[in-house]
Amino acid sequence: MPKFFFNKLFRCLSIFLLLNSSISPAKSSSALAAWILNSNGILEFRTKSNSKLKAYFQKGGNVFGDRFWIDFPGELKTPRTIEGNGPIKEIRLGKPNKGKTRLVIEFSESNNLKPLNWRLVAIDKNRWKIKLFSLPRKSFQTIGEGLVGKSSNNPKANQKLIHSRRENYKFLQLPDIKRNKFYVVIDPGHGGPDRGAIGIGGLRETDVVLDVSKRVKKLLSEKGVMVKLTRNNEIDLDLPPRVSIANKTDADIFVSIHANASRGKRRDINGLETFYYSGWRGRLLAKKIQKQILKVSPGSPDRGVRQGRYFVIKNTRMPAVLVEIGFLTGRLDARRLEKSIHRERIAYAITKGILEYLSRI
Ligand SMILES: [Zn+2]
């Protein structure tokens with residue numbers, strides 16, 4: 001039953017394309033109900049009955065390792081990243097676009113994978129398996145979510161199953177804090193005629209940081225944190241009003257979000273850094289954020305937590321940091337920052353750093 005074709009144009013190997021009669025409505029919940037990557041290298045998963053799937057393989061490059069992914073109909077509720085072990089770098093569940101779910105298995109470098117021999121096999125109308133690698137015993141520990149063996153036609157129950165074992169795995173999960181207790185000011189750098197740094201392909205700092213800031217606001221709000229953005233759109237906003245917004249309203253913390261550019265627009269300069277002006281609270285907040293943003297930017301250098309005399313963090317009265325989420329002029333960082341999936345990850349990371357800080361004070 002499996003069909004193969006190799007699309008040289010995209011260096012993508014489309015391993016299998018199953019065409020079935022049922023077409024799920026775009027708004028329905030994810031067709032992926034449960035999955036497990038066993039220590040013997042076999043990936044098994046359970047879907048809604050007769051789901052249409054597409055599977056792909058892409059050879060790794062400088063930024064990513066080799067990747068295998070499957071797209072499922074239906075939208076995923078909670079995008080997440082699960083740390084791998086052995087030959088698996090990480091496993092990600094995301095929504096590449098509205099109404100879709102993508103399961104990505106990313107391998108660490110230097111794997112001798114043989115995707116041309118892979119076969120995606122239907123075990124029954126809602127269960128699947130594919131052998132991805134074979135390695136000596138104990139070199140990979142099983143990772144999975146939910147129960148693959150059990151079939152259920154109730155999508156609600158499926159959603160429950162997929163979340164039931166999450167405590168076993170390290171997700172990029174946001175910590176809970178006391179609701180309606182904290183108030184945070186997020187400051188998207190630049191704006192309006194001040195476009196900030198201009199990067200590769202005309203990527204503009206003002207757009208990138210506004211997008212990330214809005215995502216941070218949304219994520220923090222969902223956790224019960226009150227949030228104010230110093231700007232919501234492309235307006236010209238001087239530095240003093242940014243500071244007075246925070247000072248006048250007695251914010252608990254102030255986080256200014258920026259992206260870097262290197263002198264001479266050197267493409268080999270990438271990295272992330274977080275500045276604070278003074279005090280252990282500011283430094284702690286900077287550390288928490290820096291740690292998280294590095295996690296979602298593998299390969300991009302850690303330029304560290306540093307003291308800086310920037311106006312907005314020097315003149316705000318609460319713990320304040322200025323975070324540089326990457327170099328728009330750097331090949332590695334720019335390629336990521338232009339993608340909304342990465343901006344979402346950075347927003348997640350900044351949010352997680354903030355929540356961790358707030359839970360400590
Ligand atoms: Zn800036």
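**Entry 1: ground rules.** I am working with a predicted model, where local features need pLDDT of at least 70, side-chain atom pairs count only at pLDDT 80 or more, and totals for chains, interfaces and linings use all residues. Residues are numbered from 1 along each chain as its sequence is written, and side-chain values use heavy atoms, with hydrogens and water left out.

**Entry 2: the whole chain.** I looked up the secondary structure and found seven helices and 18 strands. Of the 361 residues, 52% count as buried; buried means under 20% relative accessible area, exposed over 50%, and partly exposed in between, with a 1.4 Å probe and protein chains only. I also checked contacts (heavy atoms within 4.5 Å). Among those between residues at least 6 apart in sequence, 73% join residues at least 24 apart.

**Entry 3: the six-stranded sheet.** I traced an open, mixed sheet in the order β14-β13-β15-β18-β16-β17. Pairing here asks for at least two DSSP bridges between two strands. β14 (226–229) and β17 (302–307) each have a single partner strand, so one side of each is left without a neighbour in the sheet. Neighbouring strands are turned by 20 degrees against each other on average, direction ignored. Such angles come from axes fitted as lines to C-alpha atoms, for helices over the stretch in contact, and run from 0 to 180 degrees between N-to-C directions.

Inside this sheet I followed two pairs. β15 (253–260) and β18 (320–327) are parallel over six bridges, and Val 255 is found opposite Val 321 of β18. β16 and β17 are also parallel, joined by five bridges, with Leu 272 bridging to Asp 302 in β17.

**Entry 4: is β16 covered on one face or both?** I asked which residues of β16 are buried on each side. Leu 272, Thr 274 and Tyr 276 are buried on one side, and Glu 273 and Phe 275 on the other.

Entry 5: Helix α3 (239–248) lies across β13 (183–188), β14 and β15, at about 175 degrees to β13. Helix α4 (280–295) lies across β15, β16 (272–276), β17 and β18, at about 170 degrees to β16.

**Entry 6: α7 and its two partners.** With α4, helix α7 (340–360) packs at about 145 degrees, with the axes 8 Å apart. The contact includes Leu 284, Leu 285 and Ile 289 of α4 and Ile 346, Ile 350 and Tyr 357 of α7. Its residues divide into nine nonpolar, two polar and five charged. In this scheme Ala, Val, Leu, Ile, Met, Phe, Trp, Tyr, Cys and Pro are nonpolar, Asp, Glu, Lys and Arg are charged, and the others, Gly among them, are polar.

With helix α2 (205–222), α7 packs at about 50 degrees, again with axes 8 Å apart. So α2 is oblique to α7; under 35 degrees would be roughly parallel, over 145 roughly antiparallel, 65 to 115 roughly perpendicular, and the rest is oblique. The crossing of α2 and α7 is right-handed. Among the residues in contact are Val 212, Val 216 and Leu 220 of α2 and Ala 347, Ile 350 and Ile 354 of α7. By class, I noted 11 nonpolar, two polar and four charged residues.

**Entry 7: two single residues.** Ile 186 lies in β13 and counts as buried because its relative accessibility is 0%. Its contacts beyond four places in sequence include Val 216, Leu 220, Val 255 and Ile 354.

Asn 117 lies in the loop between β9 (100–107) and β10 (121–124), and is exposed, at 54% relative accessible area.

**Entry 8: the five-stranded sheet.** Lastly, I traced an open antiparallel sheet in the order β10-β11-β4-β3-β12. β10 and β12 (143–145) are the edge strands, pairing on one side only. The twist averages 20 degrees from one strand to the next. β4 (42–47) and β11 (127–131) are antiparallel, joined by five bridges, and Glu 44 has Lys 129 of β11 as bridge partner.

Definitions and conventions:
Helix = DSSP H or I, 4+ residues; strand = E, 2+ residues; numbered from the N terminus. Left-handed = near helix turned anticlockwise from the far one by under 90°.
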